[in-house]
Structures are given as C-alpha cells and as structure tokens.
Amino acid sequence: MDEYIRIVLEQIRCKKIHASIAQELRQHIEDQTEANQALGMEKTEALSAAVKDMGNPVEAGISLDRIHKPRMAWSILLLMAVISLCSLLLHIVIFTAFASSANDMDPLYIQRNIAHITLGFGVMLIFYRLDYTFFAKYAMQTAVLFYLFLYLGVFCLGTMINGAVAFVIIGPFRLSLIHLSFFSVPLYGALLCRYRGGGWRGIGKAVLWMLPPVWICFHIPCLSHTLLVFFMMALLLTLAVCKKWFRVSTGKFLALFWGTAFLAPAAWIAAGVALHLFADYQTMRIRNFLSGGASQYNYVGNLLNDYLEHARVFGGSGMEIAGYLPEYNSSYIFTFLSSYYGLAASVLVCLLILFTTCKMLRISLKQQNHAGMMIGCGCSIVLLLSTAINIFENCGLLPLTRTFLPFFSYGGTGQLISYSLTGIVLSVYRYQHIIPPARRPESV
C-alpha cells in the first residue's frame, strides 16, 4: 500500500496536496481491504487485491495531477493589465495637461504613479503565489496584530491633517490609514470561519470582532468610513448566516441584527444633534450629509453637479478643472474623465472596474472551501462597493465622503490596497483544487 501511494504521489507536482491525497488513498484501500476480508480473504490477500483494484498508480497519479494543480485566472490578470495601462495613461494625460497650470502638481507625478502601479502589480503577484489559508489558520493572531498597528497609527504615529489622522509615515512610505483599514474586511471573513456552527453564541463572538476596526476608524475620525467598514463586515456575516453556518433562523437574524444596525446609529446621531453632543462642524456635516450633499455650504458637491450637467457624451465640456475641483486626480477622477473626455470614457472605465470586481466576487462565491469563499468575498466587496460609492458620489447620488476609485485614484496606499486585495482573490482561485473543500478553516 505504501509503495502504491508513493508512486501515485510522485506523479503529482503540487506537494501541498500530497498529505491529503495520501490520506484519502490510504482510507480507500483500507476500506476495500475490510470489504475483501468480509468476503473471506486473508488480510494479506485482501490488501493485495484492494491495491490491485486501485489501478495503475502512474495513470492514477497523472489523472490526479491534472485535477490538483495551481490555476491562474488569466482573464482577471489580463483585465488587470488593461486597467493598469489605462490608469497610467490617464495620469500621464493629467500631468501633461495641468502641470503648468496646477501649482501643487508634483514634478515627479508620473514617476510616482509608475512606481505605485508597478509596486501594486508586483504585490498582487506575490499575494497570488502565497497560500491564502494562512489568513484562516492564523486569523485571530493576524487580526490582533493588524488592529494593534491601526491603533498605534491612529493614536501614536499618525499625521494629523484637517482634524483627522490621515497618514502614518514608515521610513520613506506614507500610508493612508483609511485605505489600510479596508484589510479588516477580508480578515473578518477569515475570523468568521472560526465560529461556524456556533449558533447565536458564535454570532455574538463574530459581532464582537467587528468592534475593534469600527472603533479605530471612528477615532480617525471618519464617520462615513466607519459605517462603510461596518457595513462590509455585516454583509459577510449575513452571507455566512444565509449559508447556514451558524444554524440559526435567517429571518430572526436579519430582523435582529439589521434592525439594530440601522436603528442604533440613527438614534445615536439624532440624540447627538438634538442634545448638541457633537462639535458645530460635525453637526453641520451630518445635516449636509442627510440633505444629500448639495447645498449652499457644499462647494465641492455643487461643483460636481455643475460639471456633470455640462458633460457631453463624447469630448470635453470646455470647463476648467485644475484650480477649481480639488482631488480631481483621485476622489473625483470620474468627474475629470466625464468633463475632459466625455461621459462615454468615464462609463467605459467604470464598467471595466465593475466587470473585473464582479468577476472576482463570482469566483469567490463559487469556492467550495469556506475560508476561500469568505476571504475572497471580503476582498471583492471592498473593491466593488468602493467603486460603486465613488461613482454615485461623483454623480451626486450620494453625499460626499472619503472615497476612491480602485486602481485609478492617485495615491500609493489606495493602489497598493486595490492590487493586494485582487492578489488575494487570485490566490483563492489558484488553490481552489488544492485545498480540500471539506477541510475546516480552523484546522487548516
């Protein structure tokens, strides 16, 4: 039996699956041996017959090698190459058009953008090569270390800009804490796997794991981002409940959890405004947010609406961008595209991102391994919702918040996060036929 298994494993190039296949083959042979013994065979004869029934070990190994091998989502990789090229060309256009008119334009703008995209693409390939199950096996330890880093960034090491802790500087790198906090979502997906089958108590523990990143984001402070991170994690928890992970009533969970999730923040905000618990500027922001973002106090919101109204389907509108619209190369790059090249160009870019992120979400939802599904969905949700919210805000359909367009908004951290999350999804796809479906994440 051992010799048969050894020959089979020699044909399988992926060493990672060897232990699982050896265990499965051994169990299969032992079961057949017991069946042969029940028919009256001696143990040695029964074992020999069982091994013979398994067939040619070389042919069996070659067949298993075809099934259990790393795979590459070439379609996503091609889409990422197209997105990266389009992003680079767009920022070259921005620099060429506005370098002379924008006084705050970085003279190394193009070089930095090339570095951001190149580094991001490289990090994506590194994550693709790494085994995503590491996050499932060490989910709790990784989450604690990551939350500790965010805590130190917000309360000890961060750089304050306009009343918020925007960046943490580590050597030559300036990292956005808001963008980094998005890693909390796939990490939360890995944590959820630990409480599968835990009933309402497991759900309670899962909800408690939401609190650290939400509390840290709230102290950046950025209320809109805090709510967004909470909403993304809540979607993962809801997906897990709908998949019957916790063996509780889905209807009761939806009513209890989402009822509390909507009513508690609304009551807290209403009480804060009514009882003057917030600073004046915070109260004004809340009222402006609830009014839809376009008011006499919202210069940027009104400006975005004006650009959108004058945008043409093809070609530029002729309206000035540089010096008027802040962050036209990052948060409002959709508006820049619409005004400078026409609505068709901006829609095409957004459809390209949405198609890619939806494809990643579809890959994640199809995973048989629970950790792969939840971690991949966490990454895909971050990219998909960030894209959708950015588009809606630029179109005046949502109040303005701190947002970015993945892969296109200028900034090293946003690019790095976008490519890293994509790399994790590629890793999930790569190992989908290597990590056994029945293997529990907590025992990975």
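**A tour of the aromatic rings**

Start by selecting tryptophan 215, which is partly exposed, with a relative accessible area of 41%. Keep in mind that you are looking at a predicted model. Tryptophan 215 sits in helix H12, residues 211–218.

Now zoom in on phenylalanine 155, which is partly exposed at 37% relative accessibility. Its ring and that of tryptophan 215 have centres 5.4 Å apart and planes at 25°; planes under 30 degrees apart count as stacked, so this pair is stacked. The pair joins distant parts of the chain, with phenylalanine 155 in helix H8 and tryptophan 215 in helix H12, 60 residues apart.

Tyrosine 151 and phenylalanine 155 are about one helical turn apart, because 4 residues separate them in the helix.

Widen the view: the model has 21 aromatic pairs. One of them is tyrosine 151 with phenylalanine 155, a tilted pair at 4.7 Å centre to centre with 35° between the planes. For a cluster linked by ring pairs, select Phe230, Phe231, Phe253, Phe257, Trp258 and Phe262.

Finish with two arginines. Arginine 174 lies over the face of phenylalanine 167, 4.0 Å from the ring centre, and arginine 196 lies over the face of tryptophan 245, at 5.5 Å from the ring centre.

Notes:
Residues are numbered from 1 along each chain as its sequence is written. This is a predicted model: local features need pLDDT of at least 70, side-chain atom pairs count only at pLDDT 80 or more; totals for chains, interfaces and linings use all residues. Side-chain values use heavy atoms; hydrogens and water are left out. Helices (H or I, at least four residues) and strands (E, at least two) are DSSP runs, numbered from the N terminus. Rings of Phe, Tyr and Trp (its six-membered ring) pair if their centres lie within 6.5 Å; planes under 30 degrees apart count as stacked, over 60 as edge-to-face and the rest as tilted. Buried means under 20% relative accessible area, exposed over 50%, partly exposed in between (1.4 Å probe, protein chains only). A charge sits over a ring if NZ of Lys or CZ of Arg is within 6 Å of the ring centre and within 35 degrees of the ring normal.
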